[in-house]
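I opened my notebook beside this structure and looked up a few places one by one. Here is what I wrote down, in the order I went.

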Amino acid sequence: MVLNKTDVYAVIGDPISHSLSPLIFNTAFQECKLSCIYLAFQIKKGQAKDALNAAKTFGLKGLSVTMPLKEEMANILALSEASKKLNSVNTVLVESSYGTSTDGEGFCQWFESEVKSKIDNLNFLIYGTGGAARSVGLAISEKKGNVSFYGRDYGKTKAAYELINKSPDNKDINYLISKADVFVNATPIGMSATAFEGRSPLTRDQLRKDLIVVDLIYHPLLTPLGKLAKENGCEFYNGLGMLIFQAKVAFEMFFNQEFPLKKVKQVVVNHLQNQ
Ligand code: NAP
């Protein structure tokens with residue numbers, strides 16, 4: 001029940017109506033019997049500071065931050081080491097004006113709990129050099145995994161390598177794939193309801209049977225890349241794991257208590273399958 005003492009959390013961004021964060025957090029609150037509620041607010045580019053001040057005025061406890069505010073928010077908060085390097089924030093402790101990024105840590109926790117028990121010494125090829133690619137690449141590299149980036153823009157690719165203190169690798173995608181244990185699609189290629197719907201970043205003959213394939217997209221749950229990977233006998237994972245685990249990392253930071261992973265997973269999968 002919502003009472004006077006109920007604590008309020010929210011996700012802010014634009015667009016926001018499709019966000020799964022309210023479903024994830026409200027399920028977790030209910031399961032943990034926390035007197036909290038989690039809302040979604042559409043906040044436009046350029047309004048991060050106003051939104052933070054409003055959150056303080058209204059006594060909100062925590063915020064999740066999504067497109068297009070992640071960088072703007074990083075410019076007005078005290079930051080974790082990861083957020084300083086990435087210049088990006090997805091989780092805010094409102095009262096202390098502290099921001100961090102849980103995407104990379106979420107990816108790594110998910111990977112080590114559901115794919116392979118250790119990241120170190122595995123070779124990851126990350127396709128894309130945007131926000132998700134950089135946060136996942138940085139976190140993998142800090143856990144001693146070997147990271148290569150493939151991007152269509154050489155300047156952005158070089159900058160992504162600089163983040164992990166490496167020089168750019170060979171630019172040939174087939175060479176990079178031949179060295180990889182894990183391929184991660186960190187582009188929107190294959191995402192539903194975009195110009196990239198129905199497309200795959202790799203062709204069938206680029207997908208070796210022993211390559212682990214991860215698509216950070218979760219809409220649809222089985223992307224064209226996932227379909228090709230499965231047909232070729234590769235292990236395939238969609239982006240749901242990372243989505244839920246980045247929320248788990250944020251929840252544990254907000255409450256210092258265990259996140260009800262099993263229940264949240266069940267509710268989110270049911271929701272997406274019934275869409
Ligand atoms: P972003 O910052 O906009 O980066 C997108 C990246 O994709 C950029 O490197 C961009 O290259 C590249 N790209 C776009 N179109 C391309 C094309 N046609 N060919 C080659 N490269 C292309 O976006 P983001 O936030 O990193 O998100 C990337 C993907 O990850 C999205 O699908 C998003 O849904 C997913 N994601 C999932 C989670 C999760 O929890 N599962 C979390 C975050 C993001 P340029 O810079 O050259 O344009």
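**Around the ligand**

I began at the ligand, where 19 residues gather around, and the nearest are Thr129, Ala132, Arg152, Lys156 and Gly239. I kept in mind that this is a predicted model.

Next I looked up backbone atoms facing oxygen atoms of the ligand. Thr129 has a backbone N or O atom 2.9 Å from a ligand oxygen. For Gly131 I noted 3.0 Å between a backbone N or O atom and an oxygen of the ligand. Leu243 also has such a backbone atom, at 3.3 Å from a ligand oxygen atom.

**The second largest pocket**

How much space lies in the second largest pocket? I wrote down about 200 Å³. Its lining has 13 residues, and those closest to the centre are Met1, Val2, Leu34, Ser35 and Cys36.

With three residues, α1 gives the most to the lining.

By type, I sorted the lining of the second largest pocket into seven nonpolar, four polar and two charged residues.

**Two buried residues**

Thr223 was my next stop, in the loop that runs between β10 (212-215) and α9 (224-231). Is Thr223 buried or exposed? Its relative accessible area is 1%, so Thr223 is buried, the cut-off being under 20%. Setting aside neighbours within four places in sequence, I found Thr223 in contact with Gly190, Asp215, Ile217 and Phe236.

Then I turned to Ala247, which sits in helix α10, residues 240-255. Ala247 counts as buried because its relative accessibility is 1%. Which residues does Ala247 touch, not counting those up to four places away in sequence? I listed Ile24, Phe25 and Phe259.

I also checked Ala247 against Met67, which is 180 residues away along the chain. Their C-alpha atoms are separated by 16 Å.

**Two cis peptide bonds**

Met67 came up again on this page, joined to Pro68 by a cis peptide bond with omega of about -5°. Pro68 belongs to the loop between β3 (62-65) and α3 (70-74).

I marked another cis bond from Asp14 to Pro15, where omega is near 5°. Where is Pro15 placed? I found Pro15 in the loop between β1 (7-13) and α1, the helix that also gives three residues to the lining of the second largest pocket.

Asn165 has a relative accessible area of 72%, and since the cut-off is over 50%, I put Asn165 down as exposed.

Asn256 is my last entry, with a positive phi of about 50° although Asn256 is no glycine. Its loop lies between α10 and α11 (261-273), and α10 is the helix that holds Ala247. Why did I call Asn256 exposed? Because its relative accessible area is 73%, and exposed means over 50%.

Notes
Residues are numbered from 1 along each chain as its sequence is written. This is a predicted model: local features need pLDDT of at least 70, side-chain atom pairs count only at pLDDT 80 or more; totals for chains, interfaces and linings use all residues. Side-chain values use heavy atoms; hydrogens and water are left out. Helices (H or I, at least four residues) and strands (E, at least two) are DSSP runs, numbered from the N terminus. Buried means under 20% relative accessible area, exposed over 50%, partly exposed in between (1.4 Å probe, protein chains only). Contact means heavy atoms within 4.5 Å. On a 1 Å grid over the protein atoms alone, a cavity is a set of points where a 1.4 Å probe fits but cannot get out, and a pocket is an open set with protein on both sides within 12 Å along at least five of seven lines; lining residues have an atom within 4 Å of a point. Grid points are joined across faces, edges and corners, and a volume is the space filled by probe spheres set on the points. Ala, Val, Leu, Ile, Met, Phe, Trp, Tyr, Cys and Pro count as nonpolar, Asp, Glu, Lys and Arg as charged, and the others, Gly among them, as polar. A residue is near a molecule or strand if one of its heavy atoms lies within 4 Å of it. A polar contact is a pair of N or O atoms within 3.5 Å; within protein, one must be able to donate a hydrogen and the other to accept it, and residues adjacent in sequence count only if both atoms are side-chain atoms.
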